[in-house]
Amino acid sequence: MNKSMSTIGVLTSGGDAPGMNAAIRAVVRTAVAYGCRVKGIQKGYMGLLEGEMIDLGAGSVSDIINRGGTFLYTARCEEFMTPEGQQQGAEMCRKNSIDGLVVIGGDGSFRGAQKLAGLGINVIGVPGTIDLDIACTEYTIGFDTAVNTAMEAIDKVRDTSTSHERCSIIEVMGRNAGYIALSCGIANGAEDILLPEIYNYDEEVLVDHIMENRKRGKKHHIIINAEGVGHSTSMARRIEAATGLETRATILGHLQRGGSPTARDRVMASLMGAYAVDILMSGKSSRIVAYKNGALVDYDIDEALSMHKELDSFALSVSRIMAR
Ligand code: ADP
Ligand code: F6P
């Protein structure tokens, strides 16, 4: 038990992700179990700068484990990108007697947290983003729900695509990372998966693949296009012109970020949120919670943010074999 840890702050930042509420709930209830006070900071770093805080007790996080979004709201905050903004953020933590701050968010939010850590604030990062693009961890809260949401939507597009014997390009989110696209590509049995890490913009190869499949009797051709590759609508026009096959683009967009979290996201969020508070209570400082080889671990924030990760090469090769 860390006696100097009497008030814990919690905020959500960057793009929301299903399961963030479950993570907040876990932070609050674990902190309360240790006898700490909890301040919920609204609207991410923007709310921190403005001092938008609410006291949270065990009861105030009832009925949220099943809800998508984040009841603390989230934001992207330009001001916090500046040294002055970061100084102000650290001062707000001190002014409000926040001994430890749990930041639930993505890579960008963690870079902000790193700045606060450099100013002497004890920050713990909990990975919350649908993109799965945080290098130190094999799981991020929201990924499973987003993939399931996208998968169901893509199944629906496939029905109509097959009926009309069309080619369909479906764009999924993921910022500059292809994790959602690769998982959906495998789960939906896509004929092509365009990943920002790999795709070389050679549309001739795509056109040849479509024509080859058509000759083999395939009635549809599903192309999953990761957001980082982009341009689905103009790509559809070019592919239709080159193949003579009706081609449609569907951009799934923000629907992938909403909805009730899956069991995996609720469980992972609960464990990660509780683990974050355990770290604070154990006296450690400035850590990122991560999931590695089937267990929760934590890394120093500087070490975590200097790591790199790549798409799973086995998953990539399976996706290619399955697409034949
Ligand atoms: P995510 O956390 O989902 O990756 P963003 O990249 O939009 O989302 O980052 C969320 C917020 O974190 C930004 O609006 C900004 O306030 C803060 N942030 C991002 N990068 C930095 C950085 N390099 N330095 C300080 N703050 C940052
Ligand atoms: O980081 C989550 C994410 O949904 C990315 O996949 C996407 O690039 C981005 O956020 C979209 O951000 P916004 O909500 O600002 O449109």
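## The second largest pocket

In this predicted model, the second largest pocket has a volume of about 500 Å³, where a pocket is an open set of points on a 1 Å grid over the protein atoms alone at which a 1.4 Å probe fits, with protein on both sides within 12 Å along at least five of seven lines. Its lining, meaning residues with an atom within 4 Å of a point, comprises 18 residues, of which Asp192, Ile193, Leu194, Val205 and Arg320 are the closest to the centre. Strand E7 (192-194), helix H7 (203-215) and helix H11 (313-322) are the elements that give two or more residues to this lining; helices (H or I, at least four residues) and strands (E, at least two) are DSSP runs numbered from the N terminus.

By class, the lining of the second largest pocket has 10 nonpolar, three polar and five charged residues, with Asp, Glu, Lys and Arg counted as charged and Gly among the polar residues.

## The largest pocket

The largest pocket holds about 610 Å³ of space and is lined by 30 residues, with Gly14, Arg76, Gly108, Ser109 and Arg175 nearest its centre. Helix H4 (residues 107-118) gives the most to this lining, with six residues, and the lining divides by class into seven nonpolar, 13 polar and 10 charged residues.

## Ligand 1

Ligand 1 sits in the largest pocket, that is, more than half of its atoms lie within 2 Å of the pocket's grid points. It is surrounded by 17 residues, the closest being Arg76, Cys77, Gly106, Ser109 and Arg175, where surrounding residues have a heavy atom within 4 Å of the ligand. Helix H4 gives the most to this shell, with six residues.

Polar contacts (pairs of N or O atoms within 3.5 Å) to oxygen atoms of ligand 1 include those from a backbone N or O atom of Cys77 at 2.7 Å and of Gly106 at 3.0 Å. Of the 550 Å² of accessible area that ligand 1 has on its own, the protein covers 86%, areas being calculated by the Shrake-Rupley method with a 1.4 Å probe.

## Ligand 2

Ligand 2 also sits in the largest pocket, and its shell divides into two nonpolar, three polar and five charged residues. A polar side-chain atom of Asp131 lies 2.7 Å from an oxygen atom of ligand 2, while a backbone N or O atom of Gly174 lies 3.1 Å from an oxygen atom of this ligand. Taken alone, ligand 2 exposes 400 Å², of which the protein buries 76%.

## Basis of the values

Residues are numbered from 1 along each chain as its sequence is written, while chains are lettered from A and ligands numbered from 1 in the order in which they are written. Local features need pLDDT of at least 70 and side-chain atom pairs count only at pLDDT 80 or more, whereas totals for chains, interfaces and linings use all residues, and side-chain values use heavy atoms, with hydrogens and water left out.

Note on methods:
Points joined across faces, edges and corners; volume = space filled by probe spheres on them. Polar contact = N/O pair within 3.5 Å; in protein donor to acceptor, adjacent residues only side chain to side chain.
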